[in-house]
Amino acid sequence: MIKNTVNTFRKMKAEGNKIVMITSYDAVTAKIAYEAGADLLLVGDSMANAILGYSNTIALSLEESMFHVQAVRRGAPDAFVVADMPFMTFQNSMEKAIDNAAMYLQKCGADAVKIEGGLSILPVMQKMVECGIPVMAHIGLLPQKVLTSGGYKLSGKTEEDAKRLLEEAIAVQQAGAFSVVLECMPENIGRMISENIEIPTIGIGGGKFCDGQVQVLTDVLGIGDFLPKHAKRYAECGSIMREAIKNYVNDVKNGNFPEEKNCF
Ligand code: KIV
């Protein structure tokens with residue numbers, strides 16, 4: 001299979017082919033997601049809550065994130081891998097931001113980075129692209145701003161906010177982003193943005209008119225207790241895993257494991 005590039009996704013939008021992105025945080029699930037046909041793997045900072053036990057994405061460090069990007073790359077050598085830059089790894093110093101983004105490409109094998117934010121991070125986005133670093137933008141609900149926004153809130157609810165979102169989408173396109181995540185906004189706003197920019201929009205709670213969708217792996221698999229409104233469970237892997245481990249525990253306790261075939 002030919003490896004996807006940033007051009008693949010523009011072409012998919014132009015031809016009306018939906019783009020599918022899913023998060024992945026380790027080699028095992030990266031291989032499975034790639035083989036299942038996902039077009040891009042996002043090593044999201046959602047790993048903080050999805051698999052690392054943090055209560056939000058603020059605590060995630062650059063080192064933790066890089067460790068997981070490396071694992072995803074090892075598991076899916078031919079996948080298009082996007083590294084999601086954690087909180088404060090790109091916001092407060094242009095030089096640090098470029099160095100950190102470059103490390104994802106050079107030391108972790110990522111194909112692109114994703115950075116959260118609109119107008120405030122345009123200069124850094126533009127500089128990354130000028131340096132040759134493909135950037136995926138992310139506007140709408142910004143989980144890395146949860147402490148200042150006071151919660152995870154729908155964006156684009158007022159006419160003024162919707163206008164701002166469109167301005168941001170146009171601005172990130174002009175800054176050179178190859179695509180943009182639209183998180184949690186009314187479907188008509190997701191549609192309006194998707195129809196008014198050339199780069200692909202990838203929705204998560206952005207409605208069905210986005211050029212693609214992204215979902216968090218653990219939501220899709222049914223691992224974890226909370227399911228956001230924008231997510232859909234395609235399996236109940238949490239229950240399956242619990243049951244399997246329970247059966248193993250019982251077998252050992254009852255002397256039914258190991259069996260003869262398991263012994264040397
Ligand atoms: O970290 C993540 O999983 C994300 C998606 C919600 C787009 O940023």
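Student: How many salt bridges does the rule find across the interface of domain 1 and domain 2?
Tutor: One salt bridge. Keep in mind that this is a predicted model.
Student: Which residue forms a salt bridge with Glu236?
Tutor: Arg233 does. The closest N and O atoms are 3.5 Å apart.
Student: Back up a bit. Where do the domains run?
Tutor: The domain assignment gives 6-233 for domain 1 and 236-264 for domain 2. Four residues from domain 1 and four residues from domain 2 make the contact.
Student: What area is buried between them?
Tutor: About 310 Å² is buried between domain 1 and domain 2. Carbon and sulfur atoms give 53% of that.
Student: How far apart are the C-alpha centres of the two domains?
Tutor: They lie 38 Å apart.
Student: New topic. What should helix 11 span, going by its residues?
Tutor: Helix 11 covers residues 237-253, which is 17 residues. At 1.5 Å a residue, it should span 24 Å. Its end C-alpha atoms are 24 Å apart, so the two values agree.
Student: What about Gly255, is its phi positive or negative?
Tutor: Positive, near 80 degrees. Gly255 follows helix 11.

Terms used
Residues numbered from 1 in each chain as written. Predicted model: local features only at pLDDT ≥ 70, side-chain atom pairs only at ≥ 80, totals over all residues. Heavy atoms only, no water. Domains from an automatic or database assignment. Contact = heavy atoms within 4.5 Å. Buried area = accessible area lost by both parts, 1.4 Å probe. Salt bridge = Lys/Arg side-chain N within 4 Å of Asp/Glu carboxyl O. Helix = DSSP H or I, 4+ residues; strand = E, 2+ residues; numbered from the N terminus. Expected span 1.5 Å × (residues − 1).
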